[in-house]
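Please read the sequence and the model below before going on.

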Amino acid sequence: MVAALLLAAAPATVPVQTATVVARFPHDSGAFTQGLVFDGGRLFESTGLVGRSTIREVALDDGMVLRSAPVPPPYFGEGLAAWGDRLISLTWQHGIGFVWDRDSFRQVGTFRYEGEGWGLTHDGKALIMSDGTAVLRFLDPKTLAVKRRLTVTAAGRPVPMLNELEWVKGEILANVWMTDRIARINPATGRVKAWIDLSALARASGRRGSDAVLNGIAYDSAGDRLFVTGKTWPTLYQIRLDPPR
């Protein structure tokens, strides 16, 4: 009886799934990708590193940068989300975010937050922000104030280093920094429903250096297309998730 109870209480193993490549697109190998957004038929990207951080619009088919705005030093650009006619971006360690006009790329506002800024997405009601910990923040899209916090766990343990985020079909997808995995997160409970293992894709990407990690998830809801890339990767991939195992 005791053994049965202990077994019932033990955290369930998190399923793992791989992905199949549907299409490959050129990607700027000089882009230190921090945020990736596909919205309204347009692909937006934020890049990092001090003095090299940008907000940009990119042509999907050939990877050409159509427009770009610098994120000035000393800021290190991080996550990016589209909200209405605005783009909202984070910076790493300065506790400041920027609001940009989506069409002109003119900076139209700033906001403050505690701690670090890593990834950003939204669920249609709130912006969702990661800060390198296991805790996600839900922000009011008008005031950018924190509405609630959600601790992400896998098999009962917190999952730190949550990075680039994307909202896909009612789930939060999150890159886990310095890994080749994406977490599929239940936004109500914070539990990781499955790991997406993209280690084979990362090996085939031609990445160079320890910083060239998987980081960049974008979802085209109209076309039901999922895109991923990495920091300084020469390729952006459209993928289809395989069944969990």
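Helices (H or I, at least four residues) and strands (E, at least two) are DSSP runs, numbered from the N terminus. By this rule the protein has two helices and 23 strands. The model is predicted: local features need pLDDT of at least 70, side-chain atom pairs count only at pLDDT 80 or more, and totals for chains, interfaces and linings use all residues. Residues are numbered from 1 along each chain as its sequence is written, and side-chain values use heavy atoms, with hydrogens and water left out.

**Overall form**

The radius of gyration is taken over C-alpha atoms, and the globule rule is 2.2 Å times the number of residues to the power 0.38. For 245 residues a compact globule would have a radius near 18 Å, and the protein agrees because its own value is 18 Å. Along the principal axes, the C-alpha atoms fill a box of roughly 65 × 40 × 35 Å.

Buried means under 20% relative accessible area, exposed over 50%, and partly exposed in between (1.4 Å probe, protein chains only). Of the 245 residues, 53% are buried. A contact means heavy atoms within 4.5 Å. Among contacts with a separation of 6 or more, 49% join residues 24 or more positions apart.

**Aromatic rings**

Rings of Phe, Tyr and Trp (its six-membered ring) pair if their centres lie within 6.5 Å; planes under 30 degrees apart count as stacked, over 60 as edge-to-face and the rest as tilted. The whole structure holds 10 aromatic pairs. In one of them, the rings of Y75 and F98 have centres 5.4 Å apart and planes at 75 degrees, so this pair is edge-to-face. Y75 lies in the loop between strand 6 (65-70) and strand 7 (77-83), and F98 lies in strand 9 (residues 96-101), so the pair ties together parts 23 residues apart in sequence. Y75 is buried at 19% relative accessible area, and F98 is buried at 4%. F98 also pairs with W100, in a tilted arrangement with 5.9 Å between centres and 55 degrees between planes. W100 is buried as well. Elsewhere, F25, F38 and F227 form one aromatic cluster.

**Backbone details**

The peptide bond from P73 to P74 is cis, with omega near 10 degrees. P74 lies in the loop between strand 6 and strand 7.

Two residues other than glycine with positive phi are listed here.
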